[in-house]
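Thanks, everyone, for making the time this morning. Before I say anything, please take a moment with the sequence and the structure, and then I will walk you through a few parts of the picture.

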Amino acid sequence: MIKEQFFPTTIYGKDIKLDNELFEKEIIEWSKKDPGITKTNREGWHSTTEMHKMPVFKPLVDELFKMQFEIYEEECLDREPILGNMWANVNPPGSYNLSHVHANSLFSGVYYVKVPKNSGSLICNEPRPGVQLNMPIRKKGELPKHLWREVHLEPVKGRILMFPYYLWHSVDLNKSNDTRISVSFNFIQKGF
Ligand SMILES: [Fe+2]
């Protein structure tokens, strides 16, 4: 039979080398003097969203742009990306983030600064709404990736993930006894 696959959902990843210890120190100090805001974070600290304008994080912003330009090539996108906002997340033991999408963005993502083992995987859900209306009974055994309804991505220190804005995702409970630190962001398209 002829088999073609259309409408894939791509989650891009890239491992980079930056001074995460410096980022950790800056973010923790920031979280101690700023109450932050409440969005999807439960028990965790979510900074305000102008982090990309802070000089100390410029090396990260540069890497994010580099990767976003690579995605523009991959996805035949014209014009150029604009970093709309960026914020830090400090998730102590017992915290998590509710399921959400990043409305009004084009590509969203996360960068991992500090991720102890079992501090919460990124849970991404099947984004096609119609698919959720049926749960077919499948044969026993491991399913190929294109049939998954949910994927749990283990965070890796120094890794950037970027995904389309419409991908529903949440952050699992931090079951470790240490703090998990990440940076989230949204890219929009210039002139959009
Ligand atoms: Fe998110």
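I will start with Q189, which has 16 C-beta neighbours inside 10 Å and therefore counts as partly exposed. Please keep in mind as we go that this is a predicted model. Q189 lies in strand β11, which runs over residues 180-189. Leaving aside neighbours within four places in sequence, Q189 is in contact with L77, R79, P81 and L106. Q189 and I82 are 107 residues apart in sequence, and yet their C-alpha atoms are 5.9 Å apart in space.

Staying with β11, let me turn to the core. The largest nonpolar core has 31 residues, and those that touch the most other members are A88, Y111, V113, M162 and V183. The elements giving two or more residues to this core are the helices α1 (20-33) and α2 (58-74), together with β4 (81-91), β6 (107-114), β7 (122-125), β9 (159-164) and β11. Which of these gives the largest share? That is β6, with five residues. As for V183, its contacts beyond four places in sequence are M51, L60, M86, A88, V110, Y111 and V113.

L60 brings us to α2, where the buried residues are L60, L64, M67, Q68 and I71. These cover an arc of only 105° around the axis, and so they sit on the same side of α2. They pack against β1 (12-15), β4, β6, β9 and β11, whereas the face turned away from the buried side carries the exposed residues K58, D62, K66 and E73. In length, α2 has 17 residues and reaches 24 Å from its first C-alpha to its last, close to the 24 Å expected at 1.5 Å a residue. After α2 comes C76, which has a positive phi, near 55°.

Methods:
Residues numbered from 1 in each chain as written. Predicted model: local features only at pLDDT ≥ 70, side-chain atom pairs only at ≥ 80, totals over all residues. Helix = DSSP H or I, 4+ residues; strand = E, 2+ residues; numbered from the N terminus. Buried ≥ 20, exposed ≤ 12 C-beta atoms within 10 Å, placed from the backbone. Contact = placed C-beta atoms within 7 Å. Core = buried A, V, L, I, M, F, W, Y, C linked by C-beta atoms within 7 Å. Expected span 1.5 Å × (residues − 1). Arc of directions from axis to C-beta.
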